[in-house]
Amino acid sequence: MNKNNANDENFIKFLNFLRENTNKEAVVNKLLHNKEDLNQRAFKILLSTVISARTKDETTAKVSKKIFDRIKTPEDLINIDITELEEIVHPAGFYKTKSKNLKKLGTQLKEDYNNKVPNTVEELVKLAGVGRKTANLVVSLAFDNYAICVDTHVHRICNRWNYVSTDFPEETEQELRKKLPKKYWKSINNSLVVYGQDVCSPTPKCNLCYEEIKSICPHYSKLNTLKDSLNQLSFKKVSKTKIPKAKGTYVLKINLKSPKKIKIGKKGKEIKFRKGDYYYIGSAMGNSLNLYNRVNRHLSNSEDKNNHWHIDYLLEYGNVKEVYIVESPEECNFAKKMLKNQNMEFIEGFGCSDCNCKSHLFYIRD
């Protein structure tokens, strides 16, 4: 079995485990338990999902309750004063924009859809404040039709598991439509939203995760390989302002906030770098090019230096978050340890023109 097939099978095992072992529901999912007619339930799910964008679950729950007490129909949205609506929505992020969109949405539902919530993604995205995430959630929850709602949690976790390789949630949705078995389409959002909030957050809380999940998780495997490689070679994390004037080896943790195509080297070879954390291993074994001089050159403003090494080009866009050092020549030893993990991603040939390593730059999705 090749690596991709193994990762795909493990991802499905992961989804099955979450379905069997977690009972918690996201805020919008709880609306399914309301005993109302289909259109009324769809209307509530639509409003709640619009409110939920960039808003914590507990805030979404509170605001949704208030708006449901005041707004029963699209006509109510049309008639409510914008100031009153803003006061209700206010705890949620971007409340002014959301309030304007809700007012417009009410008018659209009345004039274009006879006060009915449309039941397709294509029609729903025509409504103010409704993107594909919201549209898919309404189709899936309100109308019990097949749709895949991809928010930031679903996007992040699917990429961490190497099930997809995408830069944006819209791309993740399209990839999941191609390969995810349909029986998971309706449930994946709730499963991964709850898991993403509680455990697999932007800074993952692996210590809270199930052992059954950790044993097959490629992201956890990569983080462990990084940790073991640093510890086994006696690397120490140091402050950027306290780099010693000694010979040695260093590892830079570089964060790239958004995907970027970067031309590397004099020949300008273009490499696509994905959003996330990169770990660069470098050597500083000279008297003048010691750890202090080498690392501080990397930390300096890119405008103050001429690009010479591969890493200089990445540092024009990335931000050094952490520095690790050891006062011994461990550059290739670190690379070899990282590459023992078959799930480890790397940039082929980066920073290793004078050795036989495959790469000196490793990637872990943030």
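**Reading the labels in a predicted model**

Q: Why is D144 called exposed in this predicted model?
A: The relative accessibility of D144 is 51%, and because the word exposed is kept for values over 50%, D144 counts as exposed.

Q: Why is N115 called partly exposed?
A: Its relative accessibility is 29%, and since buried means under 20% and exposed means over 50%, with partly exposed in between, N115 counts as partly exposed.

Q: How do you know that D144 forms a salt bridge with K186?
A: The closest N and O atoms of the two residues are 3.0 Å apart, and because a side-chain nitrogen of Lys within 4 Å of a carboxyl oxygen of Asp meets the rule, D144 and K186 form a salt bridge. The pair links distant parts of the chain, with D144 in the loop between α8 and α9 and K186 in the loop between α10 (169-179) and α11 (188-198), 42 residues apart. K186 is partly exposed, with a relative accessible area of 27%.

Q: What makes D167 and K272 a salt bridge?
A: Their side chains meet at 2.8 Å, N to O, and the limit is 4 Å, so the pair qualifies as a salt bridge.

Q: Why is D167 called buried, and why is K272 called partly exposed?
A: D167 has a relative accessibility of 10%, and because buried means under 20%, it counts as buried; K272, at 47%, falls between the two limits of 20% and 50%, so K272 counts as partly exposed.

Q: How do you know that strands β1 and β6 pair?
A: Strand β1 (residues 236-238) and β6 are joined in the antiparallel sense over three bridges, and since two strands pair if at least two bridges are found between them, β1 and β6 count as paired. In β6, Y324 is the bridge partner of K237. The side chain of K237 also meets that of E322 in a salt bridge (3.5 Å, N to O).

Notes: Residues numbered from 1 in each chain as written. Predicted model: local features only at pLDDT ≥ 70, side-chain atom pairs only at ≥ 80, totals over all residues. Heavy atoms only, no water. Helix = DSSP H or I, 4+ residues; strand = E, 2+ residues; numbered from the N terminus. Buried < 20%, exposed > 50% of the residue type's maximum accessible area, 1.4 Å probe, protein only.
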